[in-house]
Amino acid sequence: MKKYLFVLLFSSACVQAGLPVCIPNAGTAFTDYQNQAFTVAYDAVGDARLYRQCTNMSNQQFINTMNACDPLSHPIDGLGLSPVDNFLYGLMPTDALGIGTHLELTVPFPAPGKPGDMMKADAVDVYRIGNDGGYQKIGSIEPPAEDVVLPPDTDQVIPIVHSAASFDPSGSLYVLAYKTNYQSSADVMAGTGQVLYQAPNIMIGQVGSATLSAANGGVIPAIWQQADTTTDATCAAVMNQFSHRTNIFSECVVDDFIANGDADAAVQSCLVSTAVLDYGIHDFAVSPVNGNYYALDSTSFDATDVLIEVNAVTMQASCTNYADAGSDTGVLTSLMFSEQNKLVAVFAGENTGRWIDVSTGVISTLADSIDPYPFGDGSSLPFGLPRRASTYKPAGVGDSIFRNGFEGDLIFANGFEGDPEPPLCPSF
């Protein structure tokens, strides 16, 4: 009994002191979310700061610094706000370097013949986050199963992009991975080696809302589908460009490892020198109108941005180039839809957001400013519309006292409490 009282008093003291509740419960769910988005931003030393703002980037408000619960070994990215339980969910890489993959090189390298299957994809941890900045790891998502690939000297790796996630209206969480085949070879006499990557394929994984809500450790199962990016010429060009950038990085890693013998140090050095993490798809979002998946590649080509749309039923990808004179849009950190189907993008180190007309591809700068950070991520809105006054009093019905009970509804629908509070954020 004394132990119980101590825990109770300690918990109460934490709440009174404004500390996060580190096991999110109903009391820490986001109750005010109409036309709002949520972002997590990381400064130069890696401190995670959780914000809320309107989806037009106005009225940014600081929630908390995410450092009071379990220590974070890597940043939490891939934010999405569930329309089922109104908690944020985020992804964290589990490999030592925080990039989603690790190397298992044959020693010595180069070795005789084929060096072998050396690039391994790692799981991502899934975190549930409350509106006080509290967070808890609830399980992990494994990469999809690799195919049997031919010819025999071809291997495959399917890393999950831990910065990319989104929810659909039913509360299913979607994550993204790259399926990539590669071939390795070595010349022992010459002391050289080579690892060449082919154009990747986009994989979309779905975690059902019931599965996610019930997660409490262990593997969280996902159902994976592959998008077809080969039949659209612009999509194919994007994938080929990503392959080109990856092979520049791979050449750097192999040469560095042969010279110095430290695989992790080679990867770290080449991540900086080739800036490979600046390229490719960093985030995607599910449209609240048609349910399709949208992504933006803002860095693969200097003079254009590429809007990528994947049909959620057929998994057929279609891509459109839009002019980006001077490469004004930089490295994408987050992509999110508003309830009004406005696709909003935030870029690294910029204090303004952009919105993208998915019908025309026109990219417009938003008027309001936000705090710039070198990297971070943002969530789409929950898709269920918050209750409005018409919810409580159907047309033709008189005063509806206690119509819906006491759980979250206005008790007196005839207006004794006054009109509902107007939303903090405008429709956008």
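Good morning. With -85° about its S-S bond, the link of Cys22 and Cys69 is left-handed. Please bear in mind that the model before you is predicted.

The sulfur atoms of Cys22 and Cys69 are 2.1 Å apart. Are these two cysteines buried or exposed? Cys22 has a relative accessibility of 27% and therefore counts as partly exposed. Cys69, at 13%, counts as buried, because buried means under 20% relative accessible area.

How many disulfides does a search of the whole structure find? The search finds four, and I shall describe two further ones.

I turn now to Cys54 and Cys425, which form a disulfide with sulfur atoms 2.1 Å apart. Cys54 belongs to strand S2 (residues 48-54) and Cys425 to the segment after helix H5 (389-392), so this pair ties together parts that are 371 residues apart in sequence. The link of Cys54 and Cys425 is left-handed, with -80° about the S-S bond. Cys54 is buried at 1% relative accessibility, and Cys425 is buried at 3%.

Next, Cys235 is joined to Cys319, S to S 2.0 Å. Because the torsion about the S-S bond is about 100°, the disulfide of Cys235 and Cys319 is right-handed. Cys235 lies in helix H3 (residues 233-260) and Cys319 in strand S19 (residues 317-323), so parts 84 residues apart in sequence are tied together. Both Cys235 and Cys319 are buried.

Finally, with the bonded cysteines of the chain numbered in sequence order, the pairing reads 1-3, 2-8, 4-7, 5-6. Thank you.

Notes: Residues numbered from 1 in each chain as written. Predicted model: local features only at pLDDT ≥ 70, side-chain atom pairs only at ≥ 80, totals over all residues. Heavy atoms only, no water. Disulfide = S-S within 2.5 Å. Buried < 20%, exposed > 50% of the residue type's maximum accessible area, 1.4 Å probe, protein only. Helix = DSSP H or I, 4+ residues; strand = E, 2+ residues; numbered from the N terminus.
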